[in-house]
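Subject: Handover of a two-chain model

Dear colleague,

Please find the structure below, followed by an account of what was found in it. I would be grateful if you could read the text with the structure open beside it.

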Amino acid sequence: MIRFELKKIWKNKIFIVFLFAFIFIDVILIYNENLTQINVNKYKDHRYSIEVYDNIKGRISLQKVEYLESISLNPDYETVDTVFLLQRINKALQYRIKAQEVVSGAETNIEFYESIGNKKEAIRNTYIADCFRGRSINDYYNYDGIDEYLKFDYSTMMVTILMVISIFPLFYRDRKSGMDRIIKTVKNGGHTIVLVKLASMIITGLCLICLLRVIEYIEFHVIYGFEALDHPLYHVPEYNATLFSESIRQFFILDLCMKCLGILIIIILLCAAACIIKYSIAPVIIIMPLFLSGGIIKLFNGYRMAKETELIYVGYEFFTDIFLTIAAAIVICIVGVMAVGRLYIK
Amino acid sequence: MLKVECSDVFYGKNHVLYNVDLQLDYGIYGLIGENGAGKTTFIGLITGLLKPKKGRVLWNDVEIGKLGRKYYDNVGYLPQFPALYGEFYPIEFLYYMAELKGMKKKEYKDRADKLLDFVGLGHERKKRICQFSGGMRQRLGIAQALLNNPKLLILDEPTAGLDPRERIRFKNIITELSKDKIVILATHIISDIENIANEIIFLSQGRIISKLTADEMLAELEGKVYTAKIDEYTYETIDRSLISRVINCNDSYMVRGFIKGIQGAVETKPTLEDVFLYKMLEINEGCHDKI
């Protein structure tokens, strides 16, 4: 049955037109927002930068530092910003010390809070110390573009609009056309069909978000040339202070999963709205404020979580806000699916 | 067997069906009534779409509420003007409906093919439903209603939009199917049920006025229906509500109806259209003495 519901969505001309339009807009937006890098890539002397980078990337060594210092006086390499590169390498090497300072600070706090009986803060600082303990950056790679990729988040809004378009053939058209009278008088016309419709929306939404995110990844990779993705996220300069110790690749996947979860919540809310408000375009009106306020989209933004992770004390344990968001999302999904089932039958 | 016991249906505070009480066995039942009589509401009641505030509906002596969705294994329903799904091919649509009806693939594949041929759409497989005429959609709608070989087949205004040839074809299909089914044809087109309905249920203003065979209904009107040729003056002055048919013949009119008192009126055999008019006149107060 799912294949037929999917056909209703994907055979909708308006849906297909919007899909292709959004893919086009997505590509153009990335292009426009990263023109600086694109112009750098086109610059005729960029090949010197590439040559220098190829010679210094990887494990940091004294020879590489000396190499950078030697070419800084070479007129052929005057377009290469060797000072910037040396600063980057130095900062990478300094990271271990900074991380150790964070650990020491946290350990001091642990002692203090334990002495005054503040278990909550003691546990919180233990968590921070554990995150930063043993961190170091011994390699140099160009991580440009990773922050831009994680920040780029138009795809969630586009997929939400596509889901609003999808809801018409699945939920509203049956009522307007009288097909709902036939469907409600068949064996699987109760909870089964509503779950099938919901599953179709979810499959479509997840496929769309993955598709757009993959297109975005490919375009960013073409512009910036991602590498060393198996290195920890904190190696990326913009994410030095993150509490996440996963690799960049793992974080990309986590970011995609968070977006999928956000889309899942939006789909369930849309379906619930379509079941409650039977004959209008109310879902559009309901969802728009969510866009304007950022709302659900911001909540499930991996970029925000990497930069602004909060630790929240629940019971006797600390959890990251990402963990709690996922847990809450799962509960909302389960309750939402049950609610949609009941509302549709009514 | 389908039984409706003393059922009343409300839309909010509006009482729309009053004390509906009847029993239906195998055969064709015509459900006739004027627009707004409650035909679709009655269908909603027996399909479980509407719950009665009072009374109950039983299938083989079990309340349909207690049967739950299993009741629909026995039901085939075609509502009024179903739009169907334009982007589907007819066979795809039947497969979809078959899966909705809980049929297994090996069960429905063959049946859907045969039904498509049965309703005369076998050679239209390569067209999408959006390319179908109204009559073709109606026939496809009948095919979907028959997929699960239902014991209770409900067709609401099934011939609306069909041309005369398709109407005849439809009547033949229904007659063929009715041997081991309860077929309920809701219509206000009398000719749809003429000669095929075993019994006719007359519904008006939410009430069942009568449930009789066509012959019994026609027997009630023996000696009451007349035809006459009248001039224009008489036509202008006659009570038009008593006329079931008028034909303009140059400077005179050939009328038919409950016009016994008109000079030159000749008694004629009543038809179901006359029955329909008679029942409507009966319902309107003070009209008995006119007839």
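**Chain B as a whole**

Chain B holds 10 helices and 14 strands; helices (H or I, at least four residues) and strands (E, at least two) are DSSP runs, numbered from the N terminus. Please note that this is a predicted model, in which local features need pLDDT of at least 70 and side-chain atom pairs count only at pLDDT 80 or more, while totals for chains, interfaces and linings use all residues. Residues are numbered from 1 along each chain as its sequence is written, chains are lettered from A and ligands numbered from 1 in the order in which they are written, and side-chain values use heavy atoms, with hydrogens and water left out.

Taken along the principal axes, the C-alpha atoms of chain B fill a box of roughly 70 × 45 × 35 Å. Of its 291 residues, 53% count as buried, that is, under 20% relative accessible area, with exposed being over 50% and partly exposed in between (1.4 Å probe, protein chains only). Among the contacts in chain B with a separation of 6 or more, 68% are made by residues 24 or more positions apart; a contact means heavy atoms within 4.5 Å. The accessible surface of chain B is about 13400 Å², and 49% of it belongs to carbon and sulfur atoms (Shrake-Rupley method, 1.4 Å probe; for residues, only the protein chains shown count as cover). Chain B carries 41 positive and 40 negative charges, whose mean positions are 8 Å apart. Here Lys and Arg count as positive and Asp and Glu as negative, without His and the chain ends, and a charge is placed at NZ of Lys, CZ of Arg, CG of Asp or CD of Glu.

**The four-stranded sheet of chain B**

An open sheet in chain B has four strands in the order E2-E1-E4-E5, with antiparallel pairing; strands pair if DSSP finds at least two bridges between them. Its edge strands, each pairing on one side only, are E2 (14–24) and E5 (62–63) of chain B. Strand E1 (residues 2–11) and strand E4 (residues 54–59) of chain B are joined by five bridges, and B:Lys3 stands opposite B:Leu58 in E4(B). Helix H1 (residues 39–46) of chain B lies across E1, E2 and E4 of chain B, at about 120° to E1(B). Axes are lines fitted to C-alpha atoms, for helices over the stretch in contact, and angles run from 0 to 180 degrees between N-to-C directions.

**Strand E9 and its partners**

In strand E9 (residues 199–204) of chain B, six of six residues are buried. B:Glu199, B:Ile201 and B:Leu203 point one way, and B:Ile200, B:Phe202 and B:Ser204 the other way. Strand E3 (residues 27–32) of chain B pairs with E9(B) in the parallel sense over four bridges, with B:Phe202 as the bridge partner of B:Ile32. Strand E10 (residues 207–212) of chain B runs antiparallel to E9(B), joined by five bridges, and B:Ser204 stands opposite B:Arg207. E9(B) and E10(B) form a hairpin with two residues between them, where B:Gln205 in the turn has a positive phi of about 50°.

**Chain A**

Chain A has 16 helices and four strands, and its C-alpha trace spans about 80 × 65 × 30 Å along the principal axes. Buried residues make up 49% of its 346 residues. Chain A exposes about 17000 Å², 63% of it supplied by carbon and sulfur atoms. The mean positions of its 37 positive and 35 negative charges are 16 Å apart.

Yours sincerely
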